[in-house]
Every structure is written in structure tokens, then in C-alpha cells.
Amino acid sequence: MSAEFEQLVAEYEKFQSKIKNVDDRFANIGDLRDELTQLEVSAVSPDRAVTVVAGPGGSIKDIRFTEAALSRRPEALSAALMSTLQQAVAESARRQASLVEGHLGDGLHLVDQVLEAQSELFGIPVDELREKMPEKAPAEHGDDFAERSVLAEEPPPAPPPAATGGSQGDQFLKNLFDEEDR
């Protein structure tokens, strides 16, 4: 085999390795989507008269009233409903952020961002909101991809020195991979 052909094969294998790496990293996206679509959070008012079930994206899946709720004055029922809705939607957002971090890595700091926003909105300290969250399960997917390029696992090794009077094939490969690394 010529050196040019060996270099071409090596570059092709490196490219295939990068594609496999991307495939591996995104293989669990379907699992994340499934978990998000199944997400349900229930919040109950302090007097247990109102229950709200929230889903992903803050969608409201169900609202239930007890007989006691229906005997309340409209203003009191409205206040209880709004408070319970806020609790359910806020918990849903925290769980969504936690699921995304569990699959894609906590380098995104989504839970922290959600907690800070909710702290400002509701006037509740971040630590108190964090205590309401269920214990974080260890990430099954291991890698944190937030601060890494999708394709580049590590900087590519420097190409071997070009033979004197390099061929057009050598120049093509050099240009192709130099553009990809930028």
C-alpha cells in the first residue's frame, strides 16, 4: 500500500469513529423523550380540597376538587386552585430539568437555573426549593456533554509530515480535515 492510501484509510477510520461517538452520545435521547412524556406531578392544597396534576412543559393533565372545595367561597377556591397550580407546574419544571441533566449531564446546570428563577418568582430561597426535590438518582448515562464538542473527543493528532511534492489526494485530505477542525 502506498503511504497516501494508508493515510486516507486512517482518516476515514478516524471519521467513522467520530460518527460512532455521536451515535453513542445520542442513543439515549429516545429514553429521555419517553421519560418526559410520562412525567406527571401531583400537588395538593394544604386542606386537601384541590389536587392538580401537571405534565411536561407545565401542561395541566387533571384538576380535582373534593366536596369541601365546592362548598368554599369562589375567591377562596380560586386562591387554592392558583396556589396548587403553581406548585404542580413548578415541581414539573424542576423534575424536567433533573431528567434532562440525568441524561445529558449536569454541566448544563438546568436545575440550578430553574431553582433560581423559581426562587425569584415565588420569593422562596433556593435551598428550600431544592429540599422539595426528590433525591437525585445517579446518572445512568455517565457522560456530561454540555462542555464538549459533539464530534471532537480530543484534538486530532497532527497530520504526518507531507512527503515532498505531495499529491492532490494528500492536499484534499489535509484541506478536508483542516476545515472540519475549525
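**Contacts, core and salt bridges**

Mentor: Leaving aside neighbours within four places in sequence, Ala43 is in contact with Val50, Thr51, Val52, Thr84, Gln87 and Ala88. Please bear in mind that this is a predicted model.

Trainee: Which element gives the most residues to the largest nonpolar core?

Mentor: The largest nonpolar core has 11 residues, among them Ala43, Val50, Val52 and Ala88. Two elements give two or more residues to this core, namely β2 (50–54) and α4 (74–104). With five residues, the element that gives the most is α4.

Trainee: Is Glu91 buried or exposed?

Mentor: Buried means under 20% relative accessible area. Because the relative accessibility of Glu91 is 8%, Glu91 counts as buried.

Trainee: Why are Glu91 and Arg94 separated by about one helical turn?

Mentor: The side chains of Glu91 and Arg94 meet in a salt bridge, at 2.7 Å from N to O. Both residues lie in helix α4, so their separation of about one helical turn follows from their being three residues apart.

Trainee: Which residues do salt bridges that share partners join into one network?

Mentor: Glu91 forms a salt bridge with Arg94. Arg95 also forms a salt bridge with Glu91, the closest N and O atoms being 2.8 Å apart. Through these shared partners, the residues joined into one network are Glu91, Arg94 and Arg95.

Trainee: How many salt bridges does a search of the whole structure find?

Mentor: One of them joins the side chains of Arg64 and Asp62, at 2.5 Å from N to O. For the whole structure, the number of salt bridges found is eight.

Methods: Residues are numbered from 1 along each chain as its sequence is written. This is a predicted model: local features need pLDDT of at least 70, side-chain atom pairs count only at pLDDT 80 or more; totals for chains, interfaces and linings use all residues. Side-chain values use heavy atoms; hydrogens and water are left out. A nonpolar core is a set of buried Ala, Val, Leu, Ile, Met, Phe, Trp, Tyr and Cys residues joined through side-chain atoms within 4.5 Å. Buried means under 20% relative accessible area, exposed over 50%, partly exposed in between (1.4 Å probe, protein chains only). Helices (H or I, at least four residues) and strands (E, at least two) are DSSP runs, numbered from the N terminus. Contact means heavy atoms within 4.5 Å. A salt bridge is a side-chain nitrogen of Lys or Arg within 4 Å of a carboxyl oxygen of Asp or Glu.
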